[in-house]
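Please read this briefing with the sequence and the 3D view side by side, and look up each residue as it is named.

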Amino acid sequence: MRVNPTKTVNELISALSYISDIEKGLNIYHAWRVAILSSQFAKNRVSAQMLKYIFYAGLLHDIGGVGFPSHIIHYLKRHDKMSRHLLLSHPIIGAQLVSNIPEMTEVAKLILDHHEWLNGQGYPRAKTKNKIPFGSQVIRLADSIDIALQTGRYHNLKKLKDKMSLNINKEYSKKLFALAFAILKEGKFFNRIVRRRNIPIIFQEIKDRVSFIHIPFKIDAIGKTLEFLAQVIDMRHPYASGHSLRVSRYALAIALAMNLDHDEVTRIRWAGLIHDIGKINVSRYIMNKPKKLTKKEFEEVKKHASLTQKIMEMLPSLKEIALAASSHHEYFDGSGYPQGLKGNQAPLSARILVICDAFDAMTSNRPYRAPLSPTAACHQLNKLSGKQFDPQITKIAIPLFKNLGL
Ligand SMILES: [Fe+2]
Ligand SMILES: [Fe+2]
Ligand SMILES: [Fe+2]
């Protein structure tokens, strides 16, 4: 399978930063607007390569906050002690996660420092002045501008400038402030960026201009990026830690035991990593609810499979795994969702994922029940063979699962 890593990795980052900003069905475009603003502010001040890093750091700057009960911007708007306490860790978590993506070390560094203030009152390391990388300073200012815009009170350039000027030489330098507001004024840029519906258009323009961070062919860059994605997906649900990675590993073990060819094995491993991406779009309240879900809430969760399908449409490079990823709740007897595919109508990779997903759910802890032992879970799988699961795959999976040594 020849998939271009540069295109795929960059596509994945844009898609992730898009979906993690969806709130109650609406996109608030925090990450996209911060990326646009930062790269515009920095464009004539840094090399073309650094501009790419700043743009992608803008896209991923708040990724460490994906697990918060509400979207991160709400805590930033509040300025209270509790919020600050919660916020302290997100630059570190984000930088750690992003540093696992090949060629993204510089991006991770910028993320780590994106809440540092010039006067040392920022976090996580209370850095000062030129100890803070220029790219992080730019993201800091862009971030604060977007937070002000998100309140809806500063949709007028003069008002915004007055508000932002209060933090000159505290949060950002006077020079950077002047540069940013000159750019916002240029060719009515501010009037365009203020309207939410313009953001996707401006984003596309800037993304094309900045162009992709080059990812070499020789490493497993796509697999590594998908592992990063899997961690982000699982952060959304406090009980899902490690779920996507485990499902992918179980599926890989089955695929190898079935002697499938290398491309098919890769597709299965990748689809396992990304299968729950639609869960990022399910309401935070439901995803974080510590009790058993009501029927209505469960219906909402069920939507994640079709949401995965929609998100996969944003990732044309990965179209070969789209169906496998979104069919991980299709049951062998046709009683699953979202399409009710029966038997071989669901691809082999999906039939493998269904059983791995179920096994991991059974053997994982839930607030309302203890985890099943692998043996007890395998007993359940056996009972559901031919109903939920493909009997041939069940036969291969059970001995593997029993020997996992969980
Ligand atoms: Fe942040
Ligand atoms: Fe932010
Ligand atoms: Fe899952």
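In this predicted model, the largest cavity has a volume of about 140 Å³. It is lined by 16 residues, and those closest to its centre are S20, D21, D62, V66 and H71. Two helices, α2 (30-42) and α3 (48-60), are the elements that give two or more residues to this lining, which divides into six nonpolar, seven polar and three charged residues.

**The largest pocket**

- The largest pocket has a volume of about 1,200 Å³, and of the 40 residues that line the largest pocket, F298, H329, A361, R366 and Y368 are the closest to its centre.
- Two or more lining residues come from each of α13 (221-235), α16 (284-288), α17 (295-312) and α19 (348-363), and the largest share, six residues, is supplied by α19.
- When the residues of this lining are sorted by type, 19 are nonpolar, 10 are polar and 11 are charged.

**The second largest pocket**

- The second largest pocket has a volume of about 650 Å³, and its lining is made of 26 residues, with L76, H79, W117, N167 and E171 the closest to its centre.
- The helices α4 (72-78), α5 (81-87), α8 (134-150) and α9 (157-165) each supply at least two residues of the lining of this second pocket, and the largest share, four residues, comes from α8.
- The lining of the second largest pocket divides into 11 nonpolar, eight polar and seven charged residues.

**Domains and nonpolar cores**

- The protein is divided into domain 1 (5-210) and domain 2 (236-402), and the centres of these two domains, taken over C-alpha atoms, are separated by 34 Å.
- The contact between the domains takes 17 residues from domain 1 and 13 residues from domain 2.
- Which residues of the largest nonpolar core touch the most other members? Of the 111 residues in this core, they are F41, V98, I145, L160, L184, I274 and F401.
- Because domain 1 (5-210) and domain 2 (236-402) both give residues to this core, it lies between them.
- Leaving out residues up to four places away in sequence, I145 touches L37, F41, L160, M164, F181 and L184.
- Another core, of nine residues, lies apart from the largest one, and I73, Y75, L76 and Y123 are among its members.

**Buried residues in the helices**

- In helix α18 (residues 319-326), the residues I321, A322, A324, A325 and S326 are buried, and what covers them includes α15 (262-274), α17 and α19.
- Not counting residues up to four places away in sequence, E264 touches L348 and S349.
- A397 has its place in helix α21 (residues 391-402) and counts as buried, at 0% relative accessibility.
- Apart from its neighbours within four places in sequence, A397 is in contact with I254 and I355.
- Although A397 and C378 are 19 residues apart in sequence, their C-alpha atoms are 8.7 Å apart in space.

**Details of the backbone**

- Most residues other than glycine have a negative phi, and most peptide bonds are trans.
- Y123 and P124 are joined by a cis peptide bond, with omega about 5°, and P124 lies in the loop between α7 (105-112) and α8.
- The peptide bond from Y337 to P338 is also cis, with omega near 5°, and P338 is placed in the loop between α18 and α19.
- K24, a residue other than glycine, has a positive phi near 45°, and the place of K24 is in the loop between β1 (22-23) and β2 (26-27).
- Y29 is not a glycine, yet it has a positive phi of about 55°, and Y29 is found in the loop between β2 and α2.
- K24 counts as exposed, at 87% relative accessibility, whereas Y29 is buried, with a relative accessible area of 11%.

Key
Residues are numbered from 1 along each chain as its sequence is written. Chains are lettered from A and ligands numbered from 1 in the order in which they are written. This is a predicted model: local features need pLDDT of at least 70, side-chain atom pairs count only at pLDDT 80 or more; totals for chains, interfaces and linings use all residues. Side-chain values use heavy atoms; hydrogens and water are left out. On a 1 Å grid over the protein atoms alone, a cavity is a set of points where a 1.4 Å probe fits but cannot get out, and a pocket is an open set with protein on both sides within 12 Å along at least five of seven lines; lining residues have an atom within 4 Å of a point. Grid points are joined across faces, edges and corners, and a volume is the space filled by probe spheres set on the points. Ala, Val, Leu, Ile, Met, Phe, Trp, Tyr, Cys and Pro count as nonpolar, Asp, Glu, Lys and Arg as charged, and the others, Gly among them, as polar. Buried means under 20% relative accessible area, exposed over 50%, partly exposed in between (1.4 Å probe, protein chains only). Contact means heavy atoms within 4.5 Å. A nonpolar core is a set of buried Ala, Val, Leu, Ile, Met, Phe, Trp, Tyr and Cys residues joined through side-chain atoms within 4.5 Å. Domain bounds come from an automatic or database domain assignment.
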